[in-house]
Amino acid sequence: MDTLNIIYLVASMLIFISIMTSTLSARLGVPLLLFFLGVGMLAGEEGVLGIHFEEYSMANFIGQAALACILLDGGLRTSFKSFRVGLKPAIVLATWGVFATVLALGVFVTWLLDVDWRLGLLMAAIVGSTDAAAVFSLLRNGGVKLNDRVQATLELESGANDPMAILLVTVMIAMNLDPASQSAWDILIMLVQQIGVGLLAGAIAGWALSKLLPKVHLAEGMYAILIMSAGMAVFGATNLFGGSGFLAVYLAGVAIGNTKVRATEHVLRVMDSFAWLSQAVLFVVLGLLVSPSKMLEEWHYSLIIFLFLLFIARPLAVSTSLLPFGFRPREIGFISWVGLRGAVPITLALIPVMSGVAGADLAFNIVFGVVILSLLAQGATIPFMSRAFHVWVPTDAEPKAEHEIWVGDQANITLYEFEVKAGAFAIGRHPQSISTKVNSRDIAVFAVVRDGYLVSVDEDTMLKVGDIVWYALSGDWAASIAKVFNNSATQYQKTSEFYGDWLLSPHARIRDLPFYNLATRSQNQNRFGKTIAPVTSALDSIFTPPLGTSGGLKGIDDELIGTLSAASHQTVEEFMLDHFKAEPVKGDEVRLNDSWSLIVRDVDGRGRLRGIGLKNHSES
């Protein structure tokens, strides 16, 4: 009994310490998953507690269950809207991208380690796929908003690339143990079975569960347990039939999460806790398995392999996968950089060890080193690299938080939280009438919190800096209200720096814009030998930028004039769509010349442009 209690104590303390490191992780900018691994390594055989743990089968069991839970939670939070811009490229990345990565890395590893090519390809297959746990955690909690195309592609890829990785690992294990047991036909059948059964099982289970949820009335905490148990059942059943349980449970989560019913909000809240617990347990257990001294012996190999993967293998796979879909070089560069490795490679590295593959221990230690380097170098630099590759978008026009309250089986109210920032337009105004642009019938004050206490709202209540206001909204006013509560000057500066100072209607025609009319005047004046200076002065006076900007339309040249003249009959939207090879998203840019750009400010659910910014780079 004492032994059992010691296990309870040690296990719970390890998880407790792992979670408590989250505050330190945020301050240092180091991914929390890396702290989970560190806690496990410190508690291991060569660490402070000296726990001897070599239960690879148990670790594999925990790893599979935890990854299934993480993928289920990731699917629940994946909107069907992301399929519009990310599904096709993600599928190619999850299949050809993984294969190309494994092929290039396998050849390099075979040469570097001077091992049999089968072992080299096995090691490459283990680290060939991106990790859903790392991607979902770091992208959604990394403090940066990526453009929808990049975000959707990375998340869908990480949720769908496990079948190809598992297939390649399985095939290469068989090739190492019994080379004559696998033929090209067997491999093809296995691939079709993994993907086909996984797709079918996930779609059927997701559809059935999405229909079941609205008809079941349970205590709030039971909904998530119901979905969790159903997801694990789908995972296990799909594996039994030879399909990819990971793909099936992810797709089931997508179908359930996109069905808005009374239970959805409760499921998301509790599943978030399940997912974090799964990540903590998984990475702590994996940390217990590794011996730091053995890993350090192979550290130089881990570093070289990681660098090759980061700068050659991954970019090669990503570029060949995404170029046909019209992705721009900076987007390809960022997606190549964020090919995060995490729990999946380590879990896959356990299988060769349990199977008795020669050289499996070497592979495990090297893979573990690659994962640590990936989390440290790639995971910690996501905010910086998103700006370096210019794939981020401003997020000021968003509420601080939102919650759905269901008042009936088919009726819900969404509550939005806003905080009054210093310099905001809302300061000194009544919370019910903060903006003339918002229809007062569509907005109701739910609560006002000041210094941690509820404030009784009457006709004399005026908002102060730091106040928290909750609204119940019936219209699409969240973005408009967020602008009122944020610092208007700071918000405008961030928005104008990104989108430019001028807002254009997508339905306006090029020939109707003052920009076009005066630019063509400058062309005519130049033909008669006159200077362009008077025209730019006219532009400055007629096309006035918003208050607080420097003004002036500089950078008019022959390239700009020619571009606008050729498209004079088109609307701004038509002109931009002609230049896009991929579905448009916020932040997409069309360069008119070295000085001027048109930038997408907003896109509706059908991919139609709703707002366009005009930016002068010479004044940035």
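**Figure 1. Overview of the predicted model.** The protein holds 25 helices and 9 strands, taken as DSSP runs (helices H or I with at least four residues, strands E with at least two) and numbered from the N terminus. This is a predicted model, in which local features need pLDDT of at least 70 and side-chain atom pairs count only at pLDDT 80 or more, while totals for chains, interfaces and linings use all residues. Residues are numbered from 1 along each chain as its sequence is written, and side-chain values use heavy atoms, with hydrogens and water left out. Of the 620 residues, 52% count as buried, meaning under 20% relative accessible area with a 1.4 Å probe and protein chains only. The exposed surface comes to about 27,800 Å², and carbon and sulfur atoms supply 61% of it; the areas come from the Shrake-Rupley method with a 1.4 Å probe. Among contacts (heavy atoms within 4.5 Å) between residues at least 6 apart in sequence, 75% join residues at least 24 apart.

**Figure 2. Close-up of Ser 244 and Gln 194.** Let's start with Ser 244, in the loop between α11 (220-240) and α12 (245-257). Ser 244 counts as buried because its relative accessibility is 2%. Beyond its neighbours within four places in sequence, Ser 244 is in contact with Pro 163, Gln 194, Gly 198, Thr 238 and Asn 239. Gln 194 belongs to helix α10 (residues 184-212) and is also buried, at 12% relative accessibility. Leaving out residues up to four places away in sequence, Gln 194 touches Pro 163, Ile 166, Gly 242, Gly 243 and Ser 244.

Figure 3. Helix α18 (residues 360-378) has 19 residues and spans 26 Å from first to last C-alpha, close to the expected 27 Å; the expected span is 1.5 Å times one less than the number of residues. Most of α18 is covered, with 15 of its 19 residues buried. A nonpolar core here is a set of buried Ala, Val, Leu, Ile, Met, Phe, Trp, Tyr and Cys residues joined through side-chain atoms within 4.5 Å. The largest such core has 125 residues, and those with the most contacts inside it include Phe 364, Phe 368 and Leu 375. A second, separate core of 19 residues includes Ile 510, Val 572, Trp 596 and Val 603.

**Figure 4. Close-up of Asp 501 and Gly 613.** Asp 501 sits in the loop between α21 (488-499) and β6 (502-504). At 18% relative accessibility, Asp 501 is buried. Asp 501 and Gly 613 lie 112 residues apart in sequence, yet their C-alpha atoms are 7.2 Å apart in space.

Conventions: Buried means under 20% relative accessible area, exposed over 50%, partly exposed in between (1.4 Å probe, protein chains only).
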